[in-house]
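Take a first look at the chain below.

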Amino acid sequence: MQKRLSLFLALSLLCSLVSAANLTDAQKEKLQQLVPGSTLSDSTMSQMADIFYTREMPVRDRLRAISKLVGLDQMPKGSVFSRTICIWDIAGRNGPVFNAAMEQRALATEYGIDLKMEPYTSETVMVEEFKAGRCDAALMSGLRARQFNLYSGSVDAIGAVPDQKHMQTLLQVLAHPKQAAHMVQGDYVVMGIYPAGAAHIFVNDRSISSLAKAAGHRVAVLDYDQTQAEMVASIGATPVSTDIVSAPNKFNNGQIDILPAPLIAFEILELYKGMQPDGGIVDYPLTQLTMQLIGRLDKFPNEVAQLIREASFEAYPQVMARLKQETDRVPAKWMIPIPDKDKQEYEVMMQEARNALKDRQYYSADMLTLQRKIRCKFDPARAECSQ
């Protein structure tokens, strides 16, 4: 799914100098040290800025132009930059995300960049390593990213993005330079946001086809998110604390009755085992999930991150094609249709939940406003659009 992720990240490191025209003398000197044996003139820095800020050229073309301008492509391999990128892949070193990153790593060496890719099967462990400074950047779920950036971490807000056309528009907006200020929070910067598919409700009993019918049943909630447990308890269900790695096994073994998960997990995590013989998937998306690349601001200035964000959105068609391949593997027999009346009730409930969580600063008010504008763009007749 992240086929071109590491390539974009690697090549974008070349642009650490493009903001030099706006830097102090001390910062310029520090950047100059990254290019041993050459002196960058003010005119060169100005040319780099012109290349960097034009949006008429594809990102990779801009990167090649900057590399040639500075001469990085002629330097000894591995002599310029070294960064450690931690990647969460449930399958670890043999997983599709990590292998895709390693395939592209060799290309980075052509530009004098040394990328160290570190796989993690535990997202919890990876995030702690990232916080401790052992990773310069980390690829994680949008739910985890919320602790590093409330704005981008609210993209996954419940019911806020109805379908993929809404998601594409949202990610296009977020990749625009006008959004750059929102992408920095404290010591961290958002470097890329990637679609990960819609989250649905997997159940071991088809009669559990609505939130009201979830009462009395065991529902998986993430162990690091107390708010999820509170929401589940409020509808009369029993929250079962777990993590992303162990949750599928608990569902397949009958330890939990209800598991929110993306459709792509159906075959990869063998969730059909937990649904046999009488279970299914509620045919209504709770939210659109994301994977987000979060970097340390001292390693990736926001100007660099901006280019990576643009490259991330350029990869949208390829990511969606991969997601479709996986979701198409779900047999139609497993889908549980629900009446339109129930869908309308869900929308109202989820809107109320978003507002309540916004008041608790669990979601970003600015992100919820942006998402509402996009929903109203596609469907002006929605009740919320007249408010």
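The paragraphs that follow go from the whole chain to its cavities, then to helices and single residues.

This is a predicted model: local features need pLDDT of at least 70, and side-chain atom pairs count only at pLDDT 80 or more, while totals for chains, interfaces and linings use all residues. Residues are numbered from 1 along each chain as its sequence is written, and side-chain values use heavy atoms, with hydrogens and water left out.

Start with the overall count. The secondary structure comes to 17 helices and 10 strands. Helices (H or I, at least four residues) and strands (E, at least two) are DSSP runs, numbered from the N terminus. The chain has 387 residues, of which 52% count as buried. Buried means under 20% relative accessible area, exposed means over 50%, and partly exposed lies in between (1.4 Å probe, protein chains only). Now take contacts, meaning heavy atoms within 4.5 Å. Among those between residues at least 6 apart in sequence, 76% join residues at least 24 apart.

Next, look for empty space inside. Rolling a probe the size of a water molecule over the atoms shows where such space is left. A cavity is a set of points, on a 1 Å grid over the protein atoms alone, where a 1.4 Å probe fits but cannot get out; lining residues have an atom within 4 Å of a point. Grid points are joined across faces, edges and corners, and a volume is the space filled by probe spheres set on the points. The structure holds four cavities of 30 Å³ or more. The largest cavity has a volume of about 80 Å³.

Which residues line the largest cavity? They are Leu 171, Leu 174, Ala 175, Met 183, Val 190, Gly 192, Ile 193, Arg 309, Ser 312 and Phe 313. Three elements, α9 (164–174), β5 (188–203) and α14 (302–314), each supply at least two residues of this lining. By class, the lining has seven nonpolar, two polar and one charged residues. Here Ala, Val, Leu, Ile, Met, Phe, Trp, Tyr, Cys and Pro count as nonpolar; Asp, Glu, Lys and Arg count as charged; the others, Gly among them, count as polar.

Move on to helix α15. The buried residues of α15 pack against α9, β5, α12 (265–268) and α14. These buried residues are Tyr 316, Val 319, Met 320, Leu 323 and Glu 326. Seen down the axis of α15, they fall within an arc of 115°, so they line one face of the helix. The arc is that of the directions from the helix axis to the C-beta atoms. The face turned away from the buried side of α15 carries the exposed residues Pro 317 and Lys 324. Helix α15 has 12 residues (316–327), which at 1.5 Å a residue should span 16 Å; its end C-alpha atoms are 16 Å apart, which agrees. The expected span is 1.5 Å times one less than the number of residues.

Just after α6, Gly 133 takes a positive phi of about 90°.

Now the backbone in the loops. Glu 270 lies between α12 and α13. Its phi is near 55°, a positive value in a residue other than glycine. Glu 270 counts as partly exposed, at 32% relative accessibility. Pro 277 lies in the loop between α13 (272–275) and β9 (280–296). A cis peptide bond joins Gln 276 and Pro 277, with omega about 0°. Gln 361 sits in the loop between α16 (340–359) and α17 (365–378). Gln 361 has a positive phi of about 65°, although it is not a glycine. Gln 361 is exposed, with a relative accessible area of 66%.

Asp 366 is in helix α17 and is partly exposed, with a relative accessible area of 48%. Leaving aside neighbours within four places in sequence, Asp 366 is in contact with Tyr 151 and His 182. The C-alpha atoms of Asp 366 and Leu 150 are separated by 9.8 Å, though the two residues are 216 apart along the chain. Asp 223 lies in the loop between β6 (218–222) and α10 (226–234). Not counting residues up to four places away in sequence, Asp 223 touches Ser 241, Thr 242 and Asp 243.

Terms used:
On a 1 Å grid over the protein atoms alone, a cavity is a set of points where a 1.4 Å probe fits but cannot get out, and a pocket is an open set with protein on both sides within 12 Å along at least five of seven lines; lining residues have an atom within 4 Å of a point.
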